[in-house]
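User: I would like to learn how to read a protein model feature by feature. Please give the general idea each time, then the case at hand.

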Amino acid sequence: MTFVTKKLKDLVSFNTIYLGMNRTQLNNFSNTGKIPVYSADSSAIYHLSDIDNLKLNAASKENRKLSLATNGDGSAGKNFIIHDTPFGITADRIVLTPFDKNLNIEYLRFALDDIKRKYNFNRAFKALKKNIENIEIKIPITSDNLFDIDKQIYLYTKFVEVQNQKKYIYSKLEEFNNCHIEIPLSEYKIHLLKITELFTPTNGDSDLTKSYCETHKGSYPVFSGNTQGEYAKIDSYDYDGEYLTWAKDGLAGLMMYHNEKFSVTGHRGILLPTEKCKNIDLKYIKYVLEPIFRKNIKGRRGDLGKNEYTTLNSDMIRKLKDTVPVPVREDGSFDLDAQKEIASKYEQIEMIKKNLSEKVERLINVSVE
């Protein structure tokens, strides 16, 4: 194929006509009409019935338009919607209308697909006109140097096939990552204990807000609902040593092991060891307790763990009837060596899962220029 490279500003007009309302104001309208209104988050679609004073973007099957999110950490420069009926947008979205009828809107969507990763758009660096108008796009052309509509459609259909395959692979990867491989304990003598026999579930400190952390910066980590790392660093700490914490909301029930000086916000809980919690390996407890926590969460689970809004607070944990299996010696004392042995096996499984996941992620994200 022969391609021509064009800047986005030479291909489309940028329509910034938007409703002068934020999400709170939109919620005050009767949300029962037929006119869709889109914000940066495509899942937040309003259907307004009172449209007398609304500034709508015209669109039809013959004059389709593409809009993209300009704002938001995860959606900016990534969240695209193709429109073929009249619609409204908030200030967090911009509309692109092709100048040339031979520029296929689906191909344009495909050509812009990777700009989120390439330009790192986010809440601070928004995908505004001034930041996207000079993005260069390759378009197949005919021997007469016209945009080749057939080649665009061909490339777009191939793109859809690739995206569908990626979605399928991602679904299998999520299933793989979310599966819990349980190590048999039949070779060990086991004693079943209530969670509250070993720990006192306690909520984190709700006073550790973002503003507090900003004004008390330091070297001690603070952990919140996110299970992928620390939330902030402050100049003090609440706990020092080995502890287990869990996410109270969001991806509720997922646990973290700590051996440090740290604090937790109100979006996290901490398991405070009781007097009975001696000769107990906390890494072992994490592996056997996390599936129990995840089984007892309340709320909405999204597809494949996406967009999950669940909760598991300390009161809910105290009421659980599930028991924790702990290996014991012949005399009934906790077998610390056996716990460490089992925890080591779980760690090996987690390392294998992590390595496989990273390899699949790299393959999926290969970009062909």
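Analyst: Start with strand pairing: two strands pair if DSSP finds at least two bridges between them. This is a predicted model. In it, S18 and strand S19 (residues 309–311) run antiparallel and are joined by three bridges.

User: Which residue of S19 is the bridge partner of Gly299?

Analyst: Thr310 is the partner of Gly299. These strands belong to an open sheet of three strands, in the order S15-S19-S18, with antiparallel pairing. Strand S15 (249–250) and strand S18 (298–300) are the edge strands, each pairing on one side only.

User: How many bridges are there between strand S10 and S20?

Analyst: Five bridges link strand S10 (residues 190–194) to S20, in the antiparallel sense. Across this pairing, Leu193 stands opposite Val324 of S20. S20 is also mostly covered, with four of its five residues buried.

User: How should I read a nonpolar core?

Analyst: In soluble globular proteins, nonpolar side chains tend to be buried together. Here 41% of the 369 residues count as buried. The largest nonpolar core has 34 residues, and those touching the most other members are Leu198, Leu271, Ile280, Ile285, Leu289 and Phe293. Two or more residues each come from helix H6 (195–198), strand S14 (239–247), helix H8 (282–295), strand S20 (323–327) and helix H10 (336–364). H8 gives the most, with eight residues.

User: What does Phe293 touch, not counting residues up to four places away in sequence?

Analyst: With those residues left out, Phe293 touches Ile195, Trp246, Gly253, Met255, Leu271, Leu312, Ile317 and Leu320. There is also a second, separate core of 25 residues, which includes Phe80, Leu96, Leu108 and Ile141.

User: Is Gln339 buried or exposed?

Analyst: The cut-off for buried is under 20% relative accessible area. Gln339 has 0% relative accessibility, so Gln339 counts as buried. This residue is found in helix H10. Leaving aside neighbours within four places in sequence, Gln339 is in contact with Asn279, Ile280, Asp281, Tyr284, Val326, Pro327 and Phe334. Gln339 and Val326 lie 13 residues apart in sequence, with 7.5 Å from C-alpha to C-alpha.

User: Which residues line the second largest pocket?

Analyst: Its lining consists of Lys61, Glu62, Asn63, Arg64, Pro98, Asp100, Lys101, Leu103, Asn104, Ile105, Glu106 and Ile149. By class, there are four nonpolar, two polar and six charged residues. The volume of the second largest pocket is about 210 Å³.

User: How many helices and strands does the protein have?

Analyst: The protein has 10 helices and 20 strands. Contacts can be read by sequence separation too: among those between residues at least 6 apart in sequence, 67% join residues at least 24 apart.

Methods
Residues numbered from 1 in each chain as written. Predicted model: local features only at pLDDT ≥ 70, side-chain atom pairs only at ≥ 80, totals over all residues. Heavy atoms only, no water. Core = buried A, V, L, I, M, F, W, Y, C linked by side-chain atoms within 4.5 Å. Buried < 20%, exposed > 50% of the residue type's maximum accessible area, 1.4 Å probe, protein only. Contact = heavy atoms within 4.5 Å. 1 Å grid on protein atoms, 1.4 Å probe; cavity = no way out; pocket = protein on both sides within 12 Å on 5 of 7 lines; lining within 4 Å. Points joined across faces, edges and corners; volume = space filled by probe spheres on them. Nonpolar A, V, L, I, M, F, W, Y, C, P; charged D, E, K, R; others polar.
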